[in-house]
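Subject: Model handover

Dear colleague,

Here is the model I said I would pass on. My notes follow it.

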Amino acid sequence: MNRGLLLRFENLVQLRGACWQLRAPSSRKVCGAQWKPVQLSAHPMGSLLLHPQLWPKHRLISAALSQCRHLATKEDTKKKRKKIPLTRGEVEIRQKMTVEELAQAMGKDIDHIYEALLYTDINLDSVEPDSVLREDHIKMIVQKSGMKYKSAKLKEEKERKNTDAVKRQVENYPAVLTPRPPVVTILGHVDHGKTTLLDSLRKTQVASMEAGGITQHIGAFIVHMPSGEKITFLDTPGHAAFSAMRARGTNVTDIVILVVAAEDGVMQQTIESIQHAKNAGVPLILAINKCDKPEADPERVKKELLAHDVVCEEFGGDVQAVNISALKGENLMVLAEATVALAEMLELKADATGLVEGTIIESRKDKGKGPLTTAIIQRGTLRKGCVLVAGKSWAKVRFLFDENGKAVDAASPGIPVEIMGWKDSPSAGDEILEVESEQRAQEVVAWRTYVEQQEKMKEDLEVIEAKQKEHRLEYEKQQQKLAHLSWRQKKAALYKANKQLMFSRPKERTELDENTLSLIVKGDVDGSVEAILNILDSYDCEDECKLEIVYFGMGDISENDISLAEAFNGVILGFSVKASESIKKLADKKGIKIKLHNIIYKLIDDLKDELNSRLPPTVVETTIGEASVLDTFSVTVGKNKIPVAGCRVHKGLLDRKMKFKLIRNRDVIWKGCLSSLKHHKDDVQVIKTGMDCGLSLDKNLEFSIGDEIICYEEKEVQQTTSWDPGF
């Protein structure tokens, strides 16, 4: 080989090695280093090794190093090891993975996971994409798919700091406490005159505005006495559906006025009202109403109340009893004075300074003002600009209104007020607490939402574990039945049993059962919606027709409600709300039913009618006539012998157009139609009572003397639901 060419080639190799060294500075650190192979150059070294004597040793080593290998320290190797991604076929798993998460981690579709679950004790009917899988099931699915699993490092969640708002400590400094108006709740049975009593005290016409004269939701009012005292009254509904609202009223009250009609006496809601007052530890004043009626008997009412531990003063008890007529305004001032006297004995005082505390009595949505709440202030003085927290909602107070809708600047303890400025509608009965800033309010709401989510997750996990335990037991029983089979036979049997289930499983539940009534519930205030939901909770006829509540909320019927009803083939129930003409036209166009009511029992009756319409009709048999077989013989028609029964009609008539059945020894042998009906030798359509006839059936069936022939008519009758809401 030409010596000049070798020298040139040597120079090129040295230049290439220098370039490699510049690109990998770490290759200069030879000490403590390890070799790592790299991709060979396009120039083979075989030709150089043919003439080793032409290469100095250090040049040969340098060329070889730069051409074939580069150095990497241990530290660089460790860093690069950390960055190495998962190899193909390796899945990173963790505890409590859902079906969808596992499918994503494996790079498979959800149906692949369902197919692998056929070989487990999990019931596929209960598995959804967001269902949580056990760790042993996750490992089994990965292994069945021909992949390896690698456990992910668990990140320990730090315990979250409690940022909830709490009440202030009670300070009983006489200098701080000031007198406040008593909060009085009027309780009693429906239509016993509670709203009429308040109407007479306030000199307004509230009762005439209520639908059917029945109070539908709670109202809070201030009554100014001639002597200058103020009394805050809460008017609660007496209807059975509003039990929760009555209980809420007693929890914020100081005195309960129990209204009982003199002619009706103690009723169901009267007893319930007494129990609410006892549970809250609130003193009672008895107002016996409608004493102006001729059939009134106040003494009977007092005696009936003795059975419920309500002892009036004349019987040695501590309950004041006042006979009144709310409609005519008789003895109302006596009742008011008794209330003021009891309030003075209770020495009602409150701290009007510091952060505000109160309770939400009612919550509603106004189209122009947004979420509004009626509240009773218990501590502090509420003013515009205050930041409040109630439940999982918060507000910066924009406006305050009194019971007449007039804007006010402040509300002191014991005063009912309507608050405007809420971000979301809180629930009736929630506690109101004032906080320092909007940021602090958001922290409180975030904490409460987090706590609720944790509690729900815990409940869901308990349900899931119970279901899994149940399915595991079923799986073990199934395995015991297949214990005598080989593993191949067992696998084939399981796959065959579950194959149809897997392939018929829909990815999404887009179709609902026809025998399901979906409801969208809208109400004027939170308490009304709560009462309706409580009634629907008592529904216990799922075997007849399933009842599903798709959505519930406050406010008038909207386009969103129509869209939901269309998607779920549902019905919209509206209580004391409105639907605009455009909404009604849209509902008619899409075939959506909107049922609007102002009285709760009429709404429930309409709901029951809708449930009845969803039930399949039942077939009812009506007997038209009865006949007895007195003799049997046969008639030859062509080559066939047809059995004929000689009968006598002893009840009703036999009509050939109707259906018949043959009864022998009280058992129905046959049902169908007649092929012939004759009187003597004539074909007839009808045989009346007392007449003899011969008949044959549309089926060759032998008759016996003593058989009964029944002529009947089938009619479809609409079923009625057996659900009893309790009123």
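Asp540, Glu542, Asp543, Glu548 and Asp724 form a surface patch of negative charge. A patch here takes residues with over 30% relative accessible area and no salt bridge, with like charges joined within 9 Å; a salt bridge is a side-chain nitrogen of Lys or Arg within 4 Å of a carboxyl oxygen of Asp or Glu. Asp and Glu count as negative, and each charge is placed at CG of Asp or CD of Glu.

The model is predicted: local features need pLDDT of at least 70 and side-chain atom pairs pLDDT 80 or more, while totals for chains, interfaces and linings use all residues. Numbering runs from 1 along each chain as its sequence is written, and side-chain values use heavy atoms, without hydrogens and water.

Helices (H or I, at least four residues) and strands (E, at least two) are DSSP runs numbered from the N terminus. Asp540 is exposed, at 58% relative accessible area; exposed means over 50% and buried under 20%, with a 1.4 Å probe and protein chains only.

Trp422, by contrast, is buried at 5% and belongs to strand S20 (residues 416-422). Leaving aside residues up to four places away in sequence, its contacts (heavy atoms within 4.5 Å) include Ile360, Pro371, Leu388, Trp394 and Ile432. The C-alpha atoms of Trp422 and Lys396 are 6.8 Å apart, across 26 residues of sequence.

Overall, the protein has 18 helices and 35 strands, and 41% of its 727 residues are buried.

Regards

Note on methods: Patch = residues over 30% accessible without salt bridge, like charges linked within 9 Å, V, L, I, M, F, W, Y side chains within 5 Å. Areas by Shrake-Rupley, 256 points an atom, 1.4 Å probe, with all protein chains shown as cover.
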